[in-house]
Amino acid sequence: MKKSLQNHIEKEMPFLKHKKLLLAVSGGLDSMVLLHLFRELHYDIAIAHCNFQLRGVESFGDQKFIQDYAEVNAIPIFVTQFDTEAFANDYRLSTQVAARELRYNWFYELLEIENYDYILTAHHADDNLETFLINLTRGTGLEGLTGIPEQNDKIVRPLLFLSRHEIDNYAKEQDIEWREDSSNASDKYVRNKIRHHLIPILKELNPNFMTSFLKTESYLQQSLGMVEDAAIMVYQQVAREVEDQIHFDLNQLLRLPNYQSYLYQWLKEFGFTAWNDIYDLVESQSGKQVFAADFRLLKDRDSLILFPIDYSEKQEEFLINKNQTEVKIPLNMTFCKVADLSVASNRTIFVDEDQLDFPLVLRKWKTGDVFTPFGMDGKSKKVSKLFKDEKLSLIEKENTWLLCSNDQIVWVIGIRADNRFRTSNTTKNILKIELI
């Protein structure tokens, strides 16, 4: 097996050569075989062990077993203990999900703090099969059927090509000691039910089932690669990136026979789960939205617009005091007195300072806001009508700020100034306000 692993690394994982590796070691059969193999291959390794405190004395027995092994074999070791049940309750997670979150967060901290290059875990082919079947029973897309990846960022799983049977035989041949996790015998978890009851039946039906499964996994991974390549090529025709937004052209999108599949490929990384709502959004009226935790997808005329939710602008109003020369939040603006007028623009206005009541207020527009646009001979106009005339998108409307004096609009910032605060021949104090 040592030679097989060495060949596999040379072919599939040459990046591990001459790197500092952290091995996730629980003390169980799989992780002890992983540790033994990488010691035999003389890699620069250290042990990372998590005590989740889920099995009482047994958990601390695992910890001592690993610490003793590390001491005898002069291997650096890092150990941490988690109150997993408390974490799961606090964040309303299952115990398994909580343990995974705690484990991998700690692994990445170790990589950064201790200057290691990769974390190695002992997942093998049977783990991959169990994951495949769990996803299949719950309903999944192509990605869920491709199982556990050999590499996910800094997490590497070098034993995925080996079966549990091969690992067990090797451990017995090499007289490797390990700790048996009593929870593995329980059918409390779905994974254990599949391991104990379903997989034995599949292997009974086909003695070479694991070989067949690994071939199927390879074919599915190749198919997924083709799908991802196609999604990238079509994305370049349909999508346009504008600052922190992505605009999907619906006219182009609807020409695709399988546009829903493309939308899924493009949006899955942004945390969306309400896929039927997203697909319905294509035919919805403008203004409809679908939300993820940190992003939203908006239907706006002939586009779907993806953009991050900005939680930093919870404050509704910002005050600007007299003699204040600049503001940085929510907009970058400057205020200065000038002797003469220069050319005004959408980003620069000149007002009669004596007409202003301080502090000025910066706020978002509201339904019913009315102002007197500069150049319209004193006629009032709704801000919403101005937006319509300017053909602003819904996102542009949401991102528009107003500069106000005593509830009167001085400037629809970046679009139009108010006529009531204009300078005249009698103006003594001219204030220049500029959007940077």
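Tutor: A residue counts as exposed when its relative accessible area is over 50%, and as buried when that area is under 20%. The model discussed here is a predicted one.

Student: Which exposed residues does the face of H8 turned away from its buried side carry?

Tutor: Helix H8 spans residues 164–173, and its buried residues are Ile167, Asp168, Tyr170 and Ala171. These four cover an arc of only 165 degrees around the axis, which places them on the same side of H8. The face turned away from that side carries the exposed residues His165, Lys172 and Glu173.

Student: Against which helix do the buried residues of H8 pack?

Tutor: One of these buried residues is Asp168. Setting aside residues up to four places away in sequence, Asp168 touches Leu29 and Trp178. The buried residues of H8 pack against a helix formed by residues 29–40, namely H2.

Student: With which side chain does the side chain of Asp168 make a polar contact?

Tutor: Asp168 is located in helix H8, where it is among the buried residues. Its partner in the polar contact, at 3.0 Å, is the side chain of Lys172.

Student: Which residue just after H8 takes a positive phi?

Tutor: Helix H8 covers residues 164–173. Just after H8, a positive phi of about 55 degrees is taken by Asp175.

Student: Is His124 buried or exposed?

Tutor: His124 is found in the loop between strand E4 (118–120) and H6. The cut-off for a buried residue is a relative accessible area under 20%. With a relative accessibility of 0%, His124 therefore counts as buried.

Student: How long is the polar contact that joins the side chains of His124 and Asp30?

Tutor: Leaving aside neighbours within four places in sequence, His124 is in contact with several residues, including Asp30, Arg164 and Ile167. The side chains of His124 and Asp30 are joined by a polar contact of 3.1 Å.

Student: How are H6 and H10 oriented to each other?

Tutor: Two packed helices are described by the angle between their axes and the distance between the axes. Helix H6 (residues 125–138) and helix H10 (residues 209–238) pack with their axes 11 Å apart, at an angle of about 65 degrees. Their crossing is left-handed. H6 and H10 are therefore roughly perpendicular.

Student: Which residues in H10 are met by Ala125, Asp126, Asn128, Leu129 and Phe132 in H6?

Tutor: The two helices pack with their axes 11 Å apart. The five residues named in H6 meet, in H10, Phe209, Met210, Phe213, Leu214, Glu217 and Leu220.

Student: Which residues of H1 and H2 make the contact between these helices?

Tutor: Helix H1 (residues 2–12) packs with H2 at an angle of about 75 degrees, and their axes are 10 Å apart. This angle makes H1 roughly perpendicular to H2. The contact is made by Lys2, Leu5 and Ile9 of H1 together with, from H2, Leu37, Phe38 and Glu40.

Student: What is the relative accessible area of His247?

Tutor: His247 belongs to strand E8, which covers residues 245–249. A polar contact of 2.8 Å joins its side chain to that of Gln245. His247 is buried, and its relative accessible area is 14%.

Student: How far apart in space are Leu356 and Cys404, C-alpha to C-alpha?

Tutor: Leu356 lies in the loop between strand E15 (348–352) and strand E16 (360–364), and it counts as buried at 7% relative accessibility. Along the sequence, Leu356 and Cys404 are 48 residues apart. In space, their C-alpha separation is 8.9 Å.

Notes: Residues are numbered from 1 along each chain as its sequence is written. This is a predicted model: local features need pLDDT of at least 70, side-chain atom pairs count only at pLDDT 80 or more; totals for chains, interfaces and linings use all residues. Side-chain values use heavy atoms; hydrogens and water are left out. Buried means under 20% relative accessible area, exposed over 50%, partly exposed in between (1.4 Å probe, protein chains only). The arc is that of the directions from the helix axis to the C-beta atoms. Contact means heavy atoms within 4.5 Å. A polar contact is a pair of N or O atoms within 3.5 Å; within protein, one must be able to donate a hydrogen and the other to accept it, and residues adjacent in sequence count only if both atoms are side-chain atoms. Axes are lines fitted to C-alpha atoms, for helices over the stretch in contact, and angles run from 0 to 180 degrees between N-to-C directions. Angles under 35 degrees count as roughly parallel, over 145 as roughly antiparallel, 65 to 115 as roughly perpendicular and the rest as oblique. A crossing is left-handed if the near helix is turned anticlockwise from the far one by less than a right angle, and right-handed if clockwise.
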